[in-house]
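Q: Please take a close look at the metal site in this model. I would like the geometry with its cut-offs, and then the surroundings in the chain.

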Amino acid sequence: MRCPYCGHKEDKVVDSRATAEESAVRRRRECLKCGKRFTTYEYVEEVSLMVIKKDGSRQAFDRKKIISGIIKACEKRQISMEKIEEIVTQVERSLQKKPDREVPASRIGELVMERLKTMDDVAYVRFASVYRQFKDVGQFMSELKDILNKEKSAFGRGAVKKSR
Ligand SMILES: [Zn+2]
């Protein structure tokens, strides 16, 4: 940091502490040339993501919106709110690595789907049916068939258990 008194570029930090609300770090510095002290504040940069919609318009990334989409897909499934929050946090983080911080809405859908797929087949299909809008019907139907078969055999096993 350049010293505000003499313009020298070297200093040492003599004290460093978080501000009361912990949104910043306050540092007391001492200029190595003139010995005067000054204060700097370090803040986290607010990173905003822009979502590009199908019609080309842009909208700020809305965590709540994505969460409510996933909640709908997970209705009556065994996925905790914590898991859902985690999915969105992961997606948000991976998108923030993009240097331009702009992302097509469809890409968000894909990232959510990738994660849902590993957690719950039914929630995945429900979510996918909304996001993909049956663009690739072939793949979608074959995935649906696999899942339905799995459900059927799971139900079969359950029925056997119950009858015992
Ligand atoms: Zn100085």
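A: What follows describes the zinc site, then the strand beside it, and then other parts of the chain.

This is a predicted model, in which local features need pLDDT of at least 70 and side-chain atom pairs count only at pLDDT 80 or more, while totals for chains, interfaces and linings use all residues. Residues are numbered from 1 along each chain as its sequence is written, and side-chain values use heavy atoms, with hydrogens and water left out.

The zinc ion is coordinated by the SG atoms of Cys3, Cys6, Cys31 and Cys34, at 2.2 to 2.4 Å; donors here are N, O and S atoms within 2.8 Å of the metal (3.2 Å for Na, K and Ca), and because water is not among the atoms, sites may look incomplete. The angles that the four donor atoms subtend around the zinc ion run from 105 to 119°, which makes the arrangement tetrahedral, a term that requires all angles of four donors to lie between 85 and 135 degrees. For comparison, the ideal angle for four tetrahedral donors is 109.5 degrees.

Along the chain, the donors follow the spacing C-x2-C-x24-C-x2-C. Strands are DSSP runs of E with at least two residues, and helices are runs of H or I with at least four, both numbered from the N terminus. Cys3 is buried, with a relative accessible area of 4%, and Cys31 is buried as well, at 2%; buried means under 20% relative accessible area, exposed over 50%, and partly exposed in between, with a 1.4 Å probe and protein chains only.

The side chains of Asp11 and Arg29 are joined by a polar contact of 3.0 Å, and the side chain of Asp11 reaches the backbone nitrogen of Met1 at 3.4 Å. A polar contact is a pair of N or O atoms within 3.5 Å; within protein, one must be able to donate a hydrogen and the other to accept it, and residues adjacent in sequence count only if both atoms are side-chain atoms.

Arg17 also lies in strand β1, but counts as partly exposed at 48% relative accessibility. Its side chain makes a polar contact of 2.9 Å with that of Asp15, and, not counting residues up to four places away in sequence, Arg17 touches Ala24, Val25 and Arg26.

Elsewhere, Asp120 occupies the loop between α3 and α4 and is buried, with a relative accessible area of 9%. A polar atom of the Asp120 side chain lies 3.0 Å from the backbone nitrogen of Val122.

As for the setting of the site, the chain has five helices and six strands, in the order β-β-β-β-β-α-α-β-α-α-α from the N terminus on, and buried residues make up 27% of its 164 residues.

Methods: Four donors count as tetrahedral if all angles lie between 85 and 135 degrees; four count as square planar and six as octahedral if opposite donors are over 155 degrees apart and all others between 65 and 115; anything else is irregular. Contact means heavy atoms within 4.5 Å.
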